[in-house]
Amino acid sequence: MTILTQREHMQFASELSSDSQALDSLVTTLRPYGNGIRCLRDPTRGGLSATLNELSHQARVGMQLQETAIPVRKEVAAICELLGLDPLDIANEGKLIAICAPSIADTVLTSMRAHQQGQDAALIGEVIEDPNSFVRLKTSFGGNRLVDWRHSGPLPRIC
């Protein structure tokens, strides 16, 4: 959102700043979990929605997400609402998605949160069996919706 607002010369009262960062140090903290870490991805292109849809289709599984568990900064949520954008479609250059075995999820989360770059890490959902490879979201209002591929043109690219 920082890059989008700068490119479009938008100004807001909030202190929106980029969270872009190299993630190699955070990834290194996950090495002890070995094969328990199934996949690491950055949601740079297409945001969380595109990344999880790619993963679910490649692995032929579904995903069930909890909207209230997804960390979206208040400033980003407000600007997305103002512009009619879904925060799940926004590129994130300084974040990573880690899919791990359920048996180590809490331990991995604790390790990530102990690292400066992973302080906002959150368990946002689970991989489920689904022959349709849908990514589903339990909304903050208690409903369900599909987190689908973006149907319109892509948002501006970061790089």
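Leaving aside neighbours within four places in sequence, which residues is asparagine 144 in contact with? Gln64, Leu137 and Lys138. Contact means heavy atoms within 4.5 Å.

Some ground rules. This is a predicted model: local features need pLDDT of at least 70, side-chain atom pairs count only at pLDDT 80 or more, and totals for chains, interfaces and linings use all residues. Residues are numbered from 1 along each chain as its sequence is written, and side-chain values use heavy atoms, without hydrogens and water.

Back to asparagine 144. The residue sits in strand β6. Strands here are DSSP runs of E, at least two residues, numbered from the N terminus. Asparagine 144 is exposed, at 57% relative accessible area. Exposed is over 50%, buried under 20%, partly exposed in between, with a 1.4 Å probe and protein chains only. Glutamine 66 is 78 residues away in sequence, yet 9.5 Å away in space, C-alpha to C-alpha.

Now the strands. β6 covers residues 144-146 and pairs with β5 in the antiparallel sense, over three bridges. Pairing requires at least two DSSP bridges between two strands. Asparagine 144 is the bridge partner of lysine 138. β5 and β6 make a hairpin with five residues between them. In that turn, glycine 142 has a positive phi of about 95°.

On to β5, residues 135-138. In a regular strand, side chains alternate between the two faces of the sheet. Here, Val135 and Leu137 point to one face and are buried.

Last, β2, residues 62-66. β2 pairs with β5 in the parallel sense over four bridges. Methionine 63 stands opposite valine 135.
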